[in-house]
Amino acid sequence: MNSDSIVENYSIENIISEIDVIDANSDYWLIRTNGGELYQDFSTNSYVSIGFNEISLNDIKKAQGNNKSIAAKLKAFDLSIDKEDIKPATYTSHAGQITRFASIKPGDTILIPSKNSEYFRVGVAVGKVFELSDDQLDALELEKNNLSKISGHAKRIKIHWLKAFSRKTADSM
């Protein structure tokens, strides 16, 4: 290979053509998969979800960004099922997770990890957060379709998966 072809391979046009365009209005989210248990379900069924079904999207809307009211409702629920050993900061943390999940918007970029973060999948949110009813969740449980684990979470968002990659092949920048 001569020096002209090396220079050609590193021309500014070639470099620019390799750069992905990033939407400045898009937010980026790492959505956990319960230790990898939900990675296959999320991947196969093109969505992500969050637990805490005792907090509805309506509750989040009524709270108007006040995580204290959501944290109080989480604590009241836990006390009703005899969970008394949870630290107050845990409720605040969970309330923040719930409200942030509800703020995901179409076009936002989503990243999910598999077990031990060996593999990742990246995609784009294609709709707004929605909520399944108890009947819909029950029906999903009945039709598991050979997945090792399916999400019982009511709050979900549809995702168009773009790419899957292993940790070993990820860019280490």
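**Notes on the model**

1. Tyr 47 counts as buried at 4% relative accessibility, where buried means under 20% relative accessible area, exposed over 50% and partly exposed in between (1.4 Å probe, protein chains only). Phe 42 is also buried, at 0%.

2. On the basis of the values: this is a predicted model, in which local features need pLDDT of at least 70 and side-chain atom pairs count only at pLDDT 80 or more, while totals for chains, interfaces and linings use all residues. Residues are numbered from 1 along each chain as its sequence is written, and side-chain values use heavy atoms, with hydrogens and water left out.

3. Overall content. The chain has seven helices and six strands, taken as DSSP runs numbered from the N terminus (helices H or I, at least four residues; strands E, at least two). In sequence order the pattern is α-α-β-α-β-α-α-α-β-β-β-α-β. Of the 173 residues in the chain, 32% are buried. The accessible surface of the chain is about 11600 Å², and carbon and sulfur atoms account for 52% of that surface; the areas come from the Shrake-Rupley method with a 1.4 Å probe, and for residues only the protein chains shown count as cover.

4. Contacts. Taking contact as heavy atoms within 4.5 Å, 72% of the contacts between residues at least 6 apart in sequence join residues at least 24 apart.

5. Which strands pair with β6? Strands count as paired if DSSP finds at least two bridges between them. Strand β2 (residues 47-50) runs antiparallel to β6 and is joined to β6 by four bridges; here Val 48 stands opposite Ile 157. Strand β4 is joined to β6 by seven bridges, again antiparallel, and Gly 123 has Trp 161 as its bridge partner in β6. Strand β5 (residues 130-131) pairs with β6 over two bridges, in the antiparallel sense.

6. Lys 155. This residue is found in strand β6 and stands opposite Glu 131. The C-alpha atoms of Lys 155 and Glu 131 are separated by 4.5 Å, although the two residues are 24 apart along the chain. Is Lys 155 buried or exposed? At 1% relative accessibility, Lys 155 counts as buried. Its side chain reaches two backbone oxygens: that of Ile 55 at 2.8 Å and that of Gly 51 at 3.2 Å.

7. Aromatic pairs. A search of the whole structure finds two. Rings of Phe, Tyr and Trp (its six-membered ring) pair if their centres lie within 6.5 Å; planes under 30 degrees apart count as stacked, over 60 as edge-to-face and the rest as tilted. The ring centres of Phe 42 and Tyr 47 are 5.2 Å apart and the planes are at 65°, so this pair is edge-to-face.

8. The other pair is formed by Phe 120 and Phe 165, with ring centres 5.6 Å apart and planes at 25°, so the rings are stacked. Phe 120 lies in strand β4 (residues 119-125) and Phe 165 in strand β6 (residues 155-166), so the pair ties together parts that are 45 residues apart in sequence. Phe 120 is buried, with a relative accessible area of 15%, whereas Phe 165 is partly exposed, at 22%.

Notes:
A polar contact is a pair of N or O atoms within 3.5 Å; within protein, one must be able to donate a hydrogen and the other to accept it, and residues adjacent in sequence count only if both atoms are side-chain atoms.
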